[in-house]
Amino acid sequence: MTNLTLQAFLLKHLKGIGNIGLLKIFQKLYDVDFFSLTSAELAYIGNVRRQHMVSFEKSHKEILEHIDQLYEVFHQEGFISIADESYPKLLLETYNPPLGLFFKGDISLLKTHCVAIVGARDFSSYGIEATQKIVAGLVDDKYTIVSGLAKGIDTFAHKSAIQYYGKTIAIIGSGLDIFYPKENRELQNFLGKNHLVLSEFLHGTPPRNYHFPMRNRIIAGISQGTCVIEAKKRSGSLITAQLALENGREVFAVPGNIFSKNSTGCHELIEQGAKCVWNGKHIIEEIEHFKEKTMEVDKMKS
């Protein structure tokens, strides 16, 4: 863990600025120290808008006033920044990678091969069975299952990974000390002790609607491929699939009943070019083929 990681941790406590602005400031910290810059200089580097300046300056002042407590918290909490070796390389290659990630559990799972499994909150028995079948095949080949710990398919993706003695990573849209949905409290605690839970949000941050698309970019970003199991025409799962495509990752969809609303999103993905899958082997074959093509392109470039 570097001094840059500590400075990234402090930057995460600034308010009135988004991740893109924080990344701009962080790049400057390779040359100068956080404490050598005034709030006005930090705001200028991070392009903080005028209407957010009061909040920004107040949070900067609070950081300086409570620096000893923040140092103590930093050494107690799990936190990695984009300057750390443990930061996932795939995520670093995406647009707007999180400056830092708070974590509980086994951070080495970020170095494993990951596949995201996402789907409907309003699931069916078919969705559960499909999730179990696909996850079983993936963990049998040592793939780590990534999902969002939401109700429905996400929850069953994590539970299936545990059931089949695999590993799983949960990305949440709140602080690590917040449990959402509340019924997943026990599961989240178990994952934090035996697997891995990640968040880009400070402790105490409640779930907000706009947090979930932000969370989805991390799910897609750390995964070599994303598989959608049951999704309506407009859903967060389709956002995750789109983010995966934008970052050059593989997208898979499980077909379903043509009369089910939960199949509409998956069928549209298949129509648009996502690979139609019904077991883990299909996903593994495609990802391995994709990796081979990528290696060939890299060799040609070099």
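Reader: Which residues lie nearest the centre of the largest pocket, and how many line it?

Author: A pocket is read from its lining, then from its volume. In this predicted model, 32 residues line the largest pocket, and K12, I17, E200, F201 and M214 lie nearest its centre. Its volume is about 820 Å³.

Reader: Which elements give two or more residues to that lining?

Author: They are α2 (19-28), α4 (53-65), α5 (67-76), α10 (211-221) and α11 (236-246). With 4 residues, α10 gives the most to the lining of the largest pocket.

Reader: How does the lining of the largest pocket divide into nonpolar, polar and charged residues?

Author: There are 14 nonpolar, 12 polar and 6 charged residues in the lining of the largest pocket.

Reader: Which residues line the largest cavity?

Author: Its lining consists of Y126, I229, E230, V254, P255, G256, N262, S263 and C266. Helix α12 (residues 261-271) gives the most to this lining, with 3 residues. By class, the lining of the largest cavity has 5 nonpolar, 3 polar and 1 charged residues.

Reader: Turning to helix packing, what describes two packed helices?

Author: The angle between their axes and the distance between the axes describe two packed helices. Take helix α7 (residues 125-140) and helix α8 (residues 153-163): their axes cross at roughly 40° and come within 9 Å. That angle makes α7 oblique to α8. The crossing in which α7 passes α8 is right-handed.

Reader: Which residues make the contact between α7 and α8?

Author: From α7 come G127, I128, T131, Q132, V135 and V139, and from α8 come I153, F156, A157, S160, A161 and Q163. By class, the contact of α7 with α8 has 7 nonpolar, 5 polar and no charged residues.

Reader: At what angle do α4 and α5 pack, and how far apart are their axes?

Author: The angle is about 80°, and the axes of α4 and α5 are 5 Å apart. Angles of 65 to 115 degrees count as roughly perpendicular, and α4 and α5 are therefore roughly perpendicular to each other. In the contact, I63, L64 and E65 of α4 meet I67, Q69 and L70 of α5. The classes in this contact of α4 with α5 are 4 nonpolar, 1 polar and 1 charged.

Reader: How do α1 and α5 pack?

Author: Helix α1 (residues 3-11) packs with α5 at an angle of about 115°, and their axes are 11 Å apart. The crossing of α1 and α5 is right-handed. On the α1 side, T5, L6, F9 and L10 meet I67, L70, Y71, V73 and F74 in α5. By class, this contact of α1 with α5 has 8 nonpolar, 1 polar and no charged residues.

Reader: Is the peptide bond from Y180 to P181 cis or trans?

Author: The bond from Y180 to P181 is cis, with omega near 0°. P181 lies in the loop between β5 (168-171) and α9 (185-194).

Methods:
Residues numbered from 1 in each chain as written. Predicted model: local features only at pLDDT ≥ 70, side-chain atom pairs only at ≥ 80, totals over all residues. Heavy atoms only, no water. Axes fitted to C-alpha atoms, helices over the stretch in contact; angles between N-to-C directions. Parallel < 35°, antiparallel > 145°, perpendicular 65-115°, else oblique. Left-handed = near helix turned anticlockwise from the far one by under 90°. Contact = heavy atoms within 4.5 Å. Nonpolar A, V, L, I, M, F, W, Y, C, P; charged D, E, K, R; others polar. 1 Å grid on protein atoms, 1.4 Å probe; cavity = no way out; pocket = protein on both sides within 12 Å on 5 of 7 lines; lining within 4 Å. Points joined across faces, edges and corners; volume = space filled by probe spheres on them.
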